[in-house]
Amino acid sequence: MPRRLWIAALSVWPGMPQVWSGQEVLGLILGITFAAILNFAMVARFIWTESFASGWPDFFAALAICHWLTSLGYTLWWVWLCHPERHRAEIDHLFREAMEYYLQGHWNEARRRYERILSMDETDADTFMQLGTLYVRVEQPVLARRAFRQCLELEGGAKWRWEIQQSLTRIGEGSSS
């Protein structure tokens with residue numbers, strides 16, 4: 001819960017919560033767009049007052065306010081309704097199901113559940129690790145390498161470093177023969 005409140009507090013500047021939560025591209029788009037509109041509003045109102053027609057400074061100011069409110073609304077909506085912490089119970093349920101299917105040898109069902117988890121939380125290192133292990137099992141080394149690399153890039157992936165190195169070594173030996 002504190003992470004969600006921190007993200008909401010960052011909403012003072014559009015794009016900051018998205019950058020902080022891992023949505024860098026969206027955050028940069030929102031932040032740069034807001035900064036450009038705000039700069040136009042300030043330049044039109046206070047610096048080059050003669051360069052713009054009479055309605056433009058008000059238009060840019062209104063556009064900046066609308067952009068800020070829209071970004072704030074989107075961020076609050078995402079934090080309260082779509083944030084991965086909100087889906088934690090469903091993610092845990094899907095993870096348990098995926099593990100059951102994996103242990104029973106139902107690879108496609110397990111893969112679907114892992115992918116569904118990642119669609120809800122793309123920062124779940126444990127799921128990337130399990131997905132990579134599944135790809136090793138079904139002899140898809142390219143997908144396994146990709147899943148393992150994504151796992152290592154995540155904050156929680158460091159705990160799997162040794163296991164991933166061992167799996168990558170085995171994949172490399174298996175694909176060269």
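Reply: Rings of Phe, Tyr and Trp (its six-membered ring) pair if their centres lie within 6.5 Å; planes under 30 degrees apart count as stacked, over 60 as edge-to-face and the rest as tilted. The structure holds 9 such aromatic pairs. One of them joins W56 and F59 edge-to-face, with 5.4 Å from centre to centre and 90 degrees between the planes. This is a predicted model, in which local features need pLDDT of at least 70 and side-chain atom pairs count only at pLDDT 80 or more, while totals for chains, interfaces and linings use all residues. Residues are numbered from 1 along each chain as its sequence is written, and side-chain values use heavy atoms, with hydrogens and water left out.

W56 and F59 both lie in helix 4 (residues 56-82), 3 residues apart, about one turn of the helix; helices here are DSSP runs (H or I, at least four residues), numbered from the N terminus. W56 has 42% relative accessibility, so W56 counts as partly exposed, and F59 is partly exposed at 43%. Buried means under 20% relative accessible area, exposed over 50%, and partly exposed in between (1.4 Å probe, protein chains only).

Y102 and W107 also form an edge-to-face pair, 5.3 Å centre to centre with 65 degrees between the planes. Y102 is buried, with a relative accessible area of 13%, whereas W107 is partly exposed at 29%.

Ring pairs also link F40, F52, W56, F59 and F60 into a cluster.

How values were computed: Helix = DSSP H or I, 4+ residues; strand = E, 2+ residues; numbered from the N terminus.
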